[in-house]
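Thanks for coming, everyone. Please have a look at the chain on the screen before I start.

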Amino acid sequence: MNSTRLQLFLFLQMTLFFTTMSIAEAAPANSKLFREYIGAEGVGVTFSDVPIDSRVEFHFILSFAIDYTTSSRPKPTNGNFNVFWDTENLSPSHVSAIKARHRNAKVALSLGGDTVAGKPANFTPTSINSWVRNAIASIVQITKEYKLDGIDIDYEHFNTDPNTFAECIGRLFFYLKQNKVVSFTSIAPYDDDSVQPYYLALWRKYGNLIDYVNFQFYAYDKDTSITQFMKYFGTQSSNYKGGKVLVSFGTDNSGGLSPENGFFEACARLKNQGNLHGIFIWSADDSKNAHFRYEKQSQSLLAT
């Protein structure tokens, strides 16, 4: 399909779609969804290393595919994505094997991330139409090769405005869902004035295409208390109204409310309120040395 026909197809389909759908206003209920990012740090972690509780819905999120070249000095490629995760230990055959072994396991890929070759991985589209066209082609190819189920957006640096970001990602999500390339989508914002406006612009226009909000609560200060955490959750649930906002922590010594300081107590409170929509962890790479202690605890809480 040439670029003009693709643009016309997207316009007509999106017009029809948005005249019949709107963001759900009702708050989601408790969920047994557990998600974990994997593969960004090259430490040799594998899918089979991570314990999977059969009672939960489990999503691995491969980290990352980035629209940069794979050279020693990576440069932006305007939507032509390359795989940057640990392909030796997280290959297409590994994806097939873990999904065959655990029927409750699905695998997604995440786009963007914080850095590439130690420098910021900037979202740098040449234009909306060209970025979307290139992204569709490259993401479809990667998704088919790895037999992936979903896509996550984790850009944290931007060389464009919020509306352009919203249009690029929104149109990509629309195509991937409309053509059943993926079955679920998510975004991974955090509370920073240089990041959050981009995701809020995306949510306001394309929120009905987004299944999960992987909010990075570990980007808050390390001394976050349970009370503060609950307040943060309320604020972000309001920002992404009607969305499934997942709670999170990092096993990389990052910030937020840690398991040691009451994370699971906060989860229990949310669960009692009917507001525990899922848990995700950054990341399996960092959890390996501790034998995935908190992955086990998180899944047990969700399952019971």
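This is a predicted model: local features need pLDDT of at least 70, side-chain atom pairs count only at pLDDT 80 or more; totals for chains, interfaces and linings use all residues.

Let's begin with charges. Side chains of opposite charge can pair when their charged atoms come close. How many salt bridges does the structure hold? It holds seven.

Take Glu57 and Lys106. Their side chains meet in a salt bridge, with 3.8 Å from N to O. Glu57 sits in strand E2 and Lys106 in strand E4, so this pair ties together parts that are 49 residues apart in sequence. Glu57 is partly exposed, at 29% relative accessibility. Lys106 is partly exposed too, at 31%.

Next, Asp149 and Lys99. Here the closest N and O atoms are 3.1 Å apart. This pair also links distant parts of the chain, 50 residues apart. Asp149 is in the loop between helix H3 and strand E8, and Lys99 is in helix H2. Is Asp149 buried or exposed? It is buried, because its relative accessible area is 16% and the cut-off for buried is under 20%. Lys99 comes out as partly exposed, at 23%.

Arg171 is partly exposed at 22%, whereas Glu167 is buried at 5%.

Now the buried spots. Look at Val107, in strand E4, residues 105-113. Its relative accessible area is 0%, so Val107 is buried. What does Val107 touch, beyond its neighbours in sequence? Its contacts include Phe47, Leu62, Val95 and Ile98. The C-alpha atoms of Val107 and Phe60 are separated by 4.8 Å, although the two residues are 47 apart along the chain.

Thr160 is in a loop, between strand E9 and helix H4. At 18% relative accessibility, Thr160 still counts as buried. Away from its sequence neighbours, Thr160 is in contact with Phe123, Pro125, Phe165 and Tyr198.

That brings us to helix H5, where Tyr198 is one of the buried residues. Eight of the 11 residues of H5 are buried, so the helix is largely enclosed by the rest of the structure. Trp203 and Tyr206 are also among those buried residues.

Rolling a probe the size of a water molecule over the atoms shows where empty space is left. The largest pocket holds about 430 Å³ of space. It is lined by 21 residues, and Phe64, Gly113, Asp114, Thr115 and Trp282 are the closest to its centre. Strand E2 gives the largest share of that lining, three residues. The lining divides into 10 nonpolar, six polar and five charged residues.

The second largest pocket has a volume of about 200 Å³. Of its 14 lining residues, Gly250, Asn253, Ser254, Ser258 and Glu260 lie nearest the centre. This lining has four nonpolar, eight polar and two charged residues.

Technical notes: Residues are numbered from 1 along each chain as its sequence is written. Side-chain values use heavy atoms; hydrogens and water are left out. Helices (H or I, at least four residues) and strands (E, at least two) are DSSP runs, numbered from the N terminus. Buried means under 20% relative accessible area, exposed over 50%, partly exposed in between (1.4 Å probe, protein chains only). Contact means heavy atoms within 4.5 Å. On a 1 Å grid over the protein atoms alone, a cavity is a set of points where a 1.4 Å probe fits but cannot get out, and a pocket is an open set with protein on both sides within 12 Å along at least five of seven lines; lining residues have an atom within 4 Å of a point. Grid points are joined across faces, edges and corners, and a volume is the space filled by probe spheres set on the points. Ala, Val, Leu, Ile, Met, Phe, Trp, Tyr, Cys and Pro count as nonpolar, Asp, Glu, Lys and Arg as charged, and the others, Gly among them, as polar. A salt bridge is a side-chain nitrogen of Lys or Arg within 4 Å of a carboxyl oxygen of Asp or Glu. Lists of a residue's contacts leave out its neighbours within four places in sequence.
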